[in-house]
Amino acid sequence: MVKDFSVVLEPLPPFSLALTAGNLTYFQGRVGADYFENGTYRRVLQVDGHAALLSVNDIGSVDEPRLHVRVSAENLLQSEALCAIETCRHMLAMKTDLKPFYDRVTRDSILAALTKPLRGLHPPCVPTVYEGLVFAICGQQIASTVARHIRTLIVNRYGDPFTVDGSVYRSFPSPQQLLDVGLEGLLAVKLSGRKAEYIRGIALKAAKGELDMSSLSVLTDQQIVEHLDALRGVGNWTAEWVLLRAIGRQDVFPAGDLALRRVLSKEYFGGQDISEDEARRYAERWTPFRGLVTAYLFAAQRLQK
DNA sequence: AGCCAGGCTCTCG
DNA sequence: CGAGAGCATGGC
């Protein structure tokens, strides 16, 4: 039978679940394995090979945040629940301190205006390097709406279901699950032949335990990029994406990203095209908060749509 | 209809 | 080396 384990967590203020989980789901209720409906953020995690449902509610305020976190699973062990909760902390970036960043942006009127309606937004992460890589590869080159569609297809087709109150939530498939569906299975979710190969390669490495978060997170940003760049299908863009959105590094500016350059161009260069080098150089002024700037620029753009 | 989208690899000069 | 083609799909 399904058991529950609950805790109340206090993320570093200011913290807004509406913005943090909303941004994660593109303010659309659901993307891939992330669900945010009626104020509850949900995500099915695979802990020791079986599915556990994480449900998070905000029972505090932006300045005194208190999150009610529940883990539900068949025959849930306390150790597994604690593991899921630790993952939750990481995913919602609960330990990220926004105050120094907010202090810094007061000197930049454009960022000050952009961040104001986003107060309490923490830059969210996916739970594993493996998921980050697969996620990012899905998004290479194609429009972000198409990428989201493909990510959701992968989860719908191959993720573990978890049913509660008649609603089905699905996990992101494990490396083994993606290996089991074969190249055909990946093609069936509208990936290109090439991306299917990349993702299969990534899943193979991950299944062998070669993409461990703990072994990567001791390295410097640069070392991680070099490490990931060696994987087939992974270039600088994908590696930086993983640094930001899986490992949670704070000072990365993925200037190769076309969409990011466009926001930067719109806000700071009167809409004229800028090169990757120009973008990277311009962003140096935001050290050591370049990752937060990236997250806020994207979030601002998402809210406008 | 055709072109472009939150890149990467491989192949040629 | 540096430039350029090919990839797959949905939206505009």
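1. Glycine 193 places a polar backbone atom 2.3 Å from a phosphate oxygen of DNA strand C in this predicted model.

2. The surroundings of DNA strand C consist of Gln141, Ile142, Val146, His149, Lys190, Ser192, Gly193 and Arg194; a residue is near a strand if one of its heavy atoms lies within 4 Å of it. By class, this surface has two nonpolar, four polar and two charged residues. Ala, Val, Leu, Ile, Met, Phe, Trp, Tyr, Cys and Pro count as nonpolar, Asp, Glu, Lys and Arg as charged, and the others, Gly among them, as polar. Helices α6 (144–158) and α9 (193–207) each supply at least two of the residues; helices (H or I, at least four residues) and strands (E, at least two) are DSSP runs, numbered from the N terminus. Sugar or phosphate accounts for 71% of the atoms of DNA strand C within 4 Å of the protein, and bases for the rest.

3. DNA strand B has 25 residues around it, of which Tyr26, Gln141, Ser144, Gly233 and Arg262 come nearest. They divide into 11 nonpolar, nine polar and five charged. Helix α12 (236–247) gives the most to this surface, with four residues, while α9, α13 and α15 each supply at least two. Of the atoms of DNA strand B within 4 Å of the protein, 55% are sugar or phosphate and the rest belong to bases.

4. An N or O atom of arginine 302 is 3.1 Å from a base oxygen, and one of tryptophan 241 is 3.5 Å from a base nitrogen. Leucine 258 has a polar backbone atom 3.4 Å from a phosphate oxygen of DNA strand B.

5. Helix α13 (residues 258–268) packs on α14 (residues 276–283) at about 65 degrees, with the axes 11 Å apart. Axes are lines fitted to C-alpha atoms, for helices over the stretch in contact, and angles run from 0 to 180 degrees between N-to-C directions. The pair is therefore roughly perpendicular (65 to 115 degrees). Arg261, Leu264 and Tyr268 of α13 meet Glu276, Ala279 and Tyr282 of α14, contact meaning heavy atoms within 4.5 Å.

6. Helix α15 (residues 290–304) crosses α13 at roughly 80 degrees, the axes coming within 10 Å. These two helices are therefore also roughly perpendicular to each other. Their contact comprises six nonpolar, three polar and two charged residues.

7. Backbone geometry deserves a note. Most residues other than glycine have a negative phi, and most peptide bonds are trans. A cis bond joins proline 13 and proline 14, with omega about -10 degrees; another joins threonine 287 and proline 288, with omega about 0 degrees. Proline 288 is in the loop between α14 and α15. Phenylalanine 27, in the loop between α1 and β2 (30–31), has a positive phi near 55 degrees.

8. Conventions are as follows. Residues are numbered from 1 along each chain as its sequence is written, and chains are lettered from A and ligands numbered from 1 in the order in which they are written. Local features need pLDDT of at least 70 and side-chain atom pairs count only at pLDDT 80 or more, whereas totals for chains, interfaces and linings use all residues; side-chain values use heavy atoms, leaving out hydrogens and water.

How values were computed
Polar contact = N/O pair within 3.5 Å; in protein donor to acceptor, adjacent residues only side chain to side chain. Parallel < 35°, antiparallel > 145°, perpendicular 65-115°, else oblique.
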